[in-house]
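Let's take a walk through this protein together, from its overall layout down to a few individual residues. Have the viewer open and follow along.

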Amino acid sequence: MKQSDCQHTCSDFHSAIEFLGRRWMGMILYTLMSGPKRYNEIHSSIDGISDRLLTERLNELVNAALINKNLIDCSNKKVEYELTASGHALKDVIVSIHRWVEVCELEHKSKEASS
């Protein structure tokens, strides 16, 4: 691999990790993996997220084409969010990170218990 290819790949990888690593981003994607949800369903599924931040993150995910915002009826107040094909492509990544966190937590608890 040429140096320029590596730099481009590293830059893209870093950008993706930074984007997905934003506060609550992974949890929003994880919540939508089980199917389309309305705003309040997402909000109630994520303990501690503010309305302002949830709205901001949902807009970022829509702009990144990872989720769709679909009108349920003619009013702008009734919308539903769902993963796009690109959003679904992240499922294995999000699930793997979730499992990794669980394993690390178990290892940490085991070390504390043995101390």
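This is a predicted model: local features need pLDDT of at least 70, side-chain atom pairs count only at pLDDT 80 or more; totals for chains, interfaces and linings use all residues.

Helices here are DSSP runs of H or I with at least four residues, strands are DSSP runs of E with at least two, and both are numbered from the N terminus. Residues are numbered from 1 along each chain as its sequence is written, and side-chain values use heavy atoms, with hydrogens and water left out.

Now for the overall plan. The protein has six helices and three strands, and reading along the sequence gives the pattern α-α-β-α-α-β-β-α-α. Its C-alpha atoms fill a box of roughly 55 × 50 × 25 Å along the principal axes. The radius of gyration, taken over C-alpha atoms, is 17 Å, whereas a compact globule of 115 residues would have a value near 13 Å. That globule rule is 2.2 Å times the number of residues to the power 0.38.

What about surface and interior? Buried means under 20% relative accessible area, exposed means over 50%, and partly exposed covers the range in between, with a 1.4 Å probe and protein chains only. By this count, 25% of the 115 residues are buried. The protein exposes about 8,200 Å², and carbon and sulfur atoms supply 54% of that area; accessible areas come from the Shrake-Rupley method with a 1.4 Å probe, and for residues only the protein chains shown count as cover. As for charge, the mean positions of the 14 positive and 16 negative charges lie 3 Å apart. Lys and Arg count as positive and Asp and Glu as negative, leaving out His and the chain ends, and each charge is placed at NZ of Lys, CZ of Arg, CG of Asp or CD of Glu.

Next, the interior. A nonpolar core is a set of buried Ala, Val, Leu, Ile, Met, Phe, Trp, Tyr and Cys residues joined through side-chain atoms within 4.5 Å. In the largest such core, which has 23 residues, I28, L58, L61, I67 and Y81 touch the most other members. At least two residues of this core come from each of α2 (25-32), α3 (39-45), α4 (51-63), β3 (79-83) and α6 (91-114). Contact means heavy atoms within 4.5 Å, and leaving aside residues up to four places away in sequence, I67 touches L29, L32, L58, L61, V62, Y81, E82, L83 and T84. Across the protein, among contacts between residues at least 6 apart in sequence, 47% join residues at least 24 apart.

Beyond residues up to four places away in sequence, I94 touches G26, L29, Y30 and M33. I97 also belongs to α6, but its relative accessible area of 47% is why it counts as partly exposed. K109, at 54%, is therefore exposed.

T9 has a relative accessibility of 42%, so it counts as partly exposed. From T9 to D51 the C-alpha distance is 35 Å, and the two are 42 residues apart in sequence.

Finally, let's check the backbone. Most residues other than glycine have a negative phi. W24, in the loop between α1 and α2, has a positive phi of about 75 degrees although it is not a glycine. A65, in the loop between α4 and β2 (67-71), also has a positive value, with phi near 65 degrees.
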